[in-house]
Structures are given as C-alpha cells and as structure tokens.
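Have a look at it first, then read on.

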Amino acid sequence: MTEYIHGAKWWKFDFHNHTPASMDYGKGDESLKNIMPEEWLLLYMKAGIDCVAITDHNTGEWIDKLKTALITLDSTKPEGYRPLYLFPGVEISVNGNTHILAIFDSVQTTAQISALLGSVKFPAASFGTSDAVTGDSLITVLEEINKAGGIAIPAHVDKPSGLFLNVAGHSLTQALQVDGLLAIELIDKNYAKPELFKQAKLNLAEIVGTDSHLPVQVGTNYTWVKMNTPNLDSLKLALHDGEDGIIRMEDTVVDPNIISNRYFVKSIKVESAYKAGNGIPLEAKFSPWLTSVIGGRGSGKSTILNFLRIALARHDDMPELIQEDFDEFVKVGRKNQLGMLRDNSIITIEIFKDANLYQIIWEKSIGKHSIQTWDNVSKVWSEKTEVSNINELFPVQIFSQKELYSLTNDPS
C-alpha cells in the first residue's frame, strides 16, 4: 500500500556491504569474486533491500561499476528487478585499526573516494585490503569525512576493530564529540556500551548493516530509515531524528509502511472556489503520519482547514468567534466580501479507513455529500453514493490555531 503514502516512508537500508573490490570478498572462495556488478545488484533487489551503502575495505573501485550497472538494470528490468538506491562509500581502517564507514550521496565517484583515502594518508598500494591503516588519527579521519560532505559512522563498534573495543578513555570521549557524528553501527543491540558513552548522552542513532562478504549474507541485516526520496540529506535527517527516523530490523516484525490499520486524510482537491481552484484545481496531499502546513499570515493554512471542515461536515460546536468566521467563509464570494465559494464549487477528499480508500465529494450546487470506494483490483472508483451522515461515517477533529486559543479561554 505504499502507493497511498505521500511524503516520507520507510526504506530498507543496508549500511555495510562489500564487493569483490574488497580483497576478502568470498571469504576464501575465489570463485565468488567473479560475480558481475549486475548480479551483485540483483542480489539486493531480490532480498527486498531499497538502499545499499557500498563500503569496501579502503577502496571505491566498484562504485562507478555499480552505478553503470544500475543504469543498465533500470532500463532492461530483468527478472528480480526492483528500484534500488546506491550510496557510495568506503570502510576505512583507521590508525589503531578502528573501522569507520564513510557514506556519501549518489553523485560520489570512485575517484572521490580515492581522494578521501589519500587525504587521510591511507597507502594507495593497499587499497582493497584491511591490513594497512591510515597515517592520520581517528579524529582527523572523522573530520575529513565530514569535510568531504559524508556521514561518518563507526563500524561494528561492539566487534573486533570496533570503536568500543579499540578506543577508551579521553580518546573515546574526543571521538564521540566530533561534529557531525550521527550514528554508530551496533551489531548486538543488547551489548553493554562503555560507561563513557552512556555518560555522554549523545543519542546517536544505532544502525545495523550486514557487513556482507558473501552472496548468502545479503539482506540478513538492515535498518528501516524514514525518508522522502533517498538521498544523503534525507539520511542525515533520519539519523538525527533517532527513533523517529530509524528502526532496527529486530525492533519490528512487520513492514512499518503497512498502513492498513491507519485512518488518515490522503488528499484534498478544491475546484471552482472563489479564490482557489479557478481553472486549475487546488490540490494538497497529506502523509499518513504527520503533515505540517507552513506559511505566513494569509498564505492559506486556515483555508485548507475550512475546506476540510466543509467536505467532512465538521462545522458544528465551534466557539462563537470561530463560527462567525466560518459562516463568512462558506458564503458565495462577491467583490469586497469574505465568501470563498462559488455556486459550482466542488471539494473532493481522499480518506483511508479500515484498509479501504474512499473519496468524499461535496458539491455546492446541491449542498450534499457523496462517497466512492476505490477498487484495488479494477483500479477504478465505484459509483457515487449520496450520504447524509459523513460526520458519523468519517469522524475527525479539526482545530485551527485561533480555535485552540479560544478554547483555552473557556474553563469548561
């Protein structure tokens, strides 16, 4: 039902992955290094992964290859194909052998990853291995990733080569306080974190990735990330939001995009109103979770609420001052008057309830409501049925800012 979701939704994100560019890919099975970029991508598509971070050991060799292969798959759409978003990156072995993931936006290239590795003094002769380390310190590496526009995430902090096992005391405190640090990769969510980390109270997002070196590992670990269109800015926002933007795979047994149990207004369309919807209908789409309408005075925030009141028959029991304003709003507009409707105005609302999508239509010319139901099989709306109890069939509460303020002045 993701087609009913406007705005942000949850994407299945694997933050830690290796390709044959990593010398230890295949874990000793050399034949696995013959996998083609298209085959590698299809593994993730078939596993239902939406977003993949390409994080080879100290190299970006396969980034350009995978981006080219994805263009081919997008055009040919072979069996198992589904849309996939790539996040170029690298797993850097830092001085002291602490591993750090660096994740970038889709425009990043192999050459730019190589430049980052050079900037932190990683030996070019050892690209692809995890044996060598950077000449620069952990703090410098974290800062260089941020300077390059990426997201630095300490990898598998609770496992070998992880931050919590390799770094302690003042050095750990310094690393945790680096500007731009938004997340850690924690493999075992029950791991007892260091006391210094607890005392810092940083609220870093705790993500999990596969760290896959074998095809059979693909899709076994992932994190749900709430984004509109997957890109680096959306990812940063989700990580910053913590539990509101991130769900670890073990924290939910169902796809968080399943909205069959939700009740929400999906959209509103206003046609032929006095100052809105003339010629081109005024349309607004809403999220099943939260929609914020932002604008200055006179930009139309209250107007949308009033059109919703009309279509949902929620115009009773308002404070007197609010009722007076609404009564002016629903008049047929005239020059130098406040009315916002015309004789032929139509307001249409899509509303999702009890796993069904309905369309409510209010027509000024007849002053009545009708409803239609969407058929998911035939993909058409049912015939219109006139109803007189919209407010009972689709109960909602609507409060404008002015109304809330008015309510606070009434002690009852």
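At 68% relative accessibility, Lys-201 counts as exposed (exposed is over 50% relative accessible area, buried is under 20% and partly exposed is in between, with a 1.4 Å probe and protein chains only). Lys-201 has a positive phi of about 50° without being a glycine, and you'll find Lys-201 in the loop between helix 7 (195-200) and strand 7 (205-207). Helices (H or I, at least four residues) and strands (E, at least two) are DSSP runs, numbered from the N terminus.

Before going further: this is a predicted model, where local features need pLDDT of at least 70, side-chain atom pairs count only at pLDDT 80 or more, and totals for chains, interfaces and linings use all residues. Residues are numbered from 1 along each chain as its sequence is written, and side-chain values use heavy atoms, with hydrogens and water left out.

Asn-58 is also a non-glycine with a positive phi, of about 55°. Asn-58 sits in the loop between strand 2 (51-54) and helix 2 (63-76), and at 0% relative accessibility it counts as buried.

## Rings and charges

The model holds 12 aromatic pairs (Phe, Tyr or Trp rings, six-membered for Trp, with centres within 6.5 Å; planes under 30 degrees apart are stacked, over 60 edge-to-face, the rest tilted). Take Phe-13 and Phe-87: their ring centres are 4.9 Å apart and their planes at 50°, so the pair is tilted. Phe-13 is in strand 1 (residues 9-14) and Phe-87 in strand 3 (residues 85-94), so this pair ties together parts 74 residues apart in sequence.

Lys-12 lies over the face of Tyr-222, 4.5 Å from the ring centre. For such a charge, NZ of Lys or CZ of Arg must be within 6 Å of the ring centre and within 35 degrees of the ring normal. Likewise, the charged end of Lys-353 sits over the ring of Phe-394, 5.4 Å from its centre.

## Strand 10

Ser-267 is found in strand 10, and at 13% relative accessibility Ser-267 counts as buried. Its side chain makes a polar contact with the side chain of Glu-350 (2.8 Å). A polar contact is a pair of N or O atoms within 3.5 Å; within protein, one must be able to donate a hydrogen and the other to accept it, and residues adjacent in sequence count only if both atoms are side-chain atoms.
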